[in-house]
Structures are given as structure tokens and as C-alpha cells.
Amino acid sequence: MSIQRRLARFNRVFANRVVGPALARLPGFGSLHHVGRVSGRSYRTPVKVFRQADTYVFSLPYGSDSDWVKNVLAAEGCVLVTGRRRIHLGDPQVYVAEEETAIPAPIRAILNRVKAHEYLALKPVRVSSSP
């Protein structure tokens with residue numbers, strides 16, 4: 001198993017549960033709420049959030065094979081909780097880019113160093129309220 005996969009497993013089992021709730025309240029971070037494509041369970045994944053116009057961009061340092069990415073793609077969306085806002089996101093697109101301009105240069109340098117060139121982009125969707 002690669003070091004990236006081991007780190008991803010550690011984060012999923014331990015770090016996300018301990019640090020995730022506090023991290024999601026910090027500026028530039030959030031928590032993606034998504035549903036398991038097999039189990040149907042609700043999950044929360046702490047993420048670093050980048051904005052580019054009307055698009056929310058997430059780097060995928062562990063790749064698009066991560067379960068949370070597959071869940072978001074299968075459900076065709078998720079809910080981003082950042083600060084005290086809940087933003088319904090849809091139209092997920094995974095793409096590869098050597099230089100993603102939505103991400104600040106210092107963070108891009110780190111992502112390039114670990115060869116993380118995959119990104120997930122989502123757009124806000126309107127949610128109709130039931131009467």
C-alpha cells in the first residue's frame with residue numbers, strides 16, 4: 001500500500017474525526033456532507049475550499065479514487081458546510097490540471113510537489129423548499 005493510501009486511511013479513521021469538526025469552522029475550510037453510494041450512510045469529510053467565480057474547487061491529494069469523491073459523483077452533488085452556511089452543490093466534475101488558478105501559488109507548489117493534479121469542481125444548485 002502506498003504512503004498516500006496509508007495517510008488517507010489514517011485521516012479517514014482518526015484525524016478527520018478528531019480535527020475535522022474544528023477545522024470545518026476555520027476560514028477557507030469546510031465540511032462536505034455526502035451519502036455513501038453503497039451503504040446509504042451520511043458522511044462528513046473536512047476539506048479545503050477554493051472559490052473561482054461561481055465554482056467551488058477541491059484539490060484531491062489522494063486522487064479521484066477516494067470514497068468521498070466517488071460518493072459525491074454518484075449522488076451528483078453534496079452539501080458544503082462552511083462557517084455557518086450550508087451550500088448545496090451539484091454538477092460535479094473531476095479534472096486534471098498542472099496549474100489550477102483557483103488555488104493560491106504556495107498551495108499549488110505543495111500540491112505539485114506531492115503530484116496532486118486532480119481536482120473536483122462543483123457549482124451551487126438551487127434547492128426548492130417544500131410548502
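This is a predicted model: local features need pLDDT of at least 70, side-chain atom pairs count only at pLDDT 80 or more; totals for chains, interfaces and linings use all residues.
View 1. Which residues of helix 2 (residues 67-75) are buried? They are Trp 68, Val 69, Asn 71 and Val 72. Because these residues cover an arc of only 160 degrees around the axis, they sit on the same side of helix 2. The helix runs at about 60 degrees to strand 1. Just after helix 2, look for Glu 76, which takes a positive phi of about 60 degrees.

View 2. Follow the strands in the order 2-1-5-6-7-4-3, and you will find that the pairing is antiparallel. Strand 2 and strand 3 (50-52) are the edge strands, each pairing on one side only. On average, neighbouring strands are turned by 35 degrees against each other, direction ignored.

**View 3. Strand 6 meets strand 7.** These two strands pair in the antiparallel sense over six bridges.

**View 4. Nonpolar residues gather in the largest core.** Of the 15 residues in this core, Phe 58, Trp 68, Leu 80 and Leu 89 touch the most other members. Helix 2 gives the most to the core, with three residues. Zoom in on Leu 89: not counting residues up to four places away in sequence, its contacts include Tyr 56, Cys 78, Leu 122 and Val 125. A second, separate core has eight residues, among them Phe 50, Ala 102, Leu 111 and Tyr 119.

How values were computed
Residues are numbered from 1 along each chain as its sequence is written. Side-chain values use heavy atoms; hydrogens and water are left out. Buried means under 20% relative accessible area, exposed over 50%, partly exposed in between (1.4 Å probe, protein chains only). Helices (H or I, at least four residues) and strands (E, at least two) are DSSP runs, numbered from the N terminus. The arc is that of the directions from the helix axis to the C-beta atoms. A nonpolar core is a set of buried Ala, Val, Leu, Ile, Met, Phe, Trp, Tyr and Cys residues joined through side-chain atoms within 4.5 Å. Contact means heavy atoms within 4.5 Å. Two strands pair if DSSP finds at least two bridges between them. Axes are lines fitted to C-alpha atoms, for helices over the stretch in contact, and angles run from 0 to 180 degrees between N-to-C directions.
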